[in-house]
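This report walks through a few features of one protein chain. Please look over the sequence and the structure before reading on.

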Amino acid sequence: MTLEEQIQEVNNDIDEIKRVIDYTTRPRIKQNLELQQRKFEKELSQLQEKLQKQQQAAAEAAERAACASTLPTATQSYMKDISVYAWDQTDKFVKIYVQNLDGIGSLPENQVQCSFEKRGFHLQIQNLKNINYFLKILGLLHDIEPDQSTFKVKKDMIIVSLRKVESKNWECLLKDEKKTPIKPLPKPDGSKDSNESFMNMVEEMYENGDDDTKRAIAKAWVQSREKANTFANEPHDRKKPSILETPDFTIYPPP
């Protein structure tokens with residue numbers, strides 16, 4: 001018998017005992033009947049509470065099942081950095097082209113996001129065929145306007161438009177890509193001894209040069225000294241003037 005059927009039976013018992021109480025005239029019989037009525041009413045209350053809990057549990061289970069049916073099937077995804085892109089510029093914008101993103105145009109808008117800052121941006125693509133793509137570029141050559149920079153999703157590509165602060169041509173995209181201008185070689189001091197002037201010129205190049213230049217000069221100088229020691233025991237007519245060689249240039253001492 002279900003709970004609903006049990007409740008109905010107890011209700012019938014209560015109605016019946018009420019009718020009997022109304023007809024009886026004996027005090028003791030009436031008192032016993034009223035006592036039995038209270039027992040039936042207590043039983044009815046317990047059954048109703050039990051039915052309410054049962055119905056609530058069934059409703060919660062149905063809600064969980066409905067939520068589970070609307071969730072996408074869990075699939076394994078992995079992260080991938082975007083390392084290949086192209087760029088171009090106009091007077092007002094620098095544009096980054098991220099291509100070969102098949103299916104990107106059909107993704108929901110909230111799965112493609114891009115944040116901007118003064119010297120860079122961060123592009124995120126969530127769950128494109130189970131792959132999360134990331135492109136983070138910092139250290140742009142010049143400042144941009146983050147609030148006026150945008151991105152647009154095409155069928156199979158994304159175009160990121162960086163608003164220039166100044167309408168000038170960018171030599172390259174990143175500051176690190178800009179080539180350092182080559183410094184002219186120092187000129188020998190004609191007022192000094194030729195050897196002293198030569199040494200001063202090399203010393204000046206070493207002090208003002210970058211790390212690569214310093215390493216090249218130091219290496220060449222050590223090699224030059226080693227050659228000088230090797231030639232020390234050779235006949236005078238076979239000795240050659242020391243030449244300072246580096247991977248980028250060769251310095252001949254003055255005659």
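## Two residues in a loop

N127 is partly exposed, with a relative accessible area of 38%, where buried means under 20%, exposed over 50% and partly exposed in between, taken with a 1.4 Å probe and protein chains only. N127 sits in the loop between β5 (120-125) and β6 (131-138), strands being DSSP runs of E with at least two residues and helices runs of H or I with at least four, numbered from the N terminus. Although N127 is not a glycine, its phi is positive, at about 55°.

K129 is found in the loop between β5 and β6 as well, and it counts as exposed at 56% relative accessibility. The phi of K129, a residue other than glycine, is also positive and near 55°.

## Basis of the model

The model is predicted, so that local features need pLDDT of at least 70 and side-chain atom pairs count only at pLDDT 80 or more, while totals for chains, interfaces and linings use all residues. Residues are numbered from 1 along each chain as its sequence is written, and side-chain values use heavy atoms, with hydrogens and water left out.

## The chain as a whole

The protein chain has four helices and 10 strands, which follow the pattern α-α-β-β-β-β-β-β-β-β-α-α-β-β along the sequence. Of its 255 residues, 26% count as buried.

Among contacts (heavy atoms within 4.5 Å) with a separation of 6 or more, 58% join residues 24 or more positions apart.
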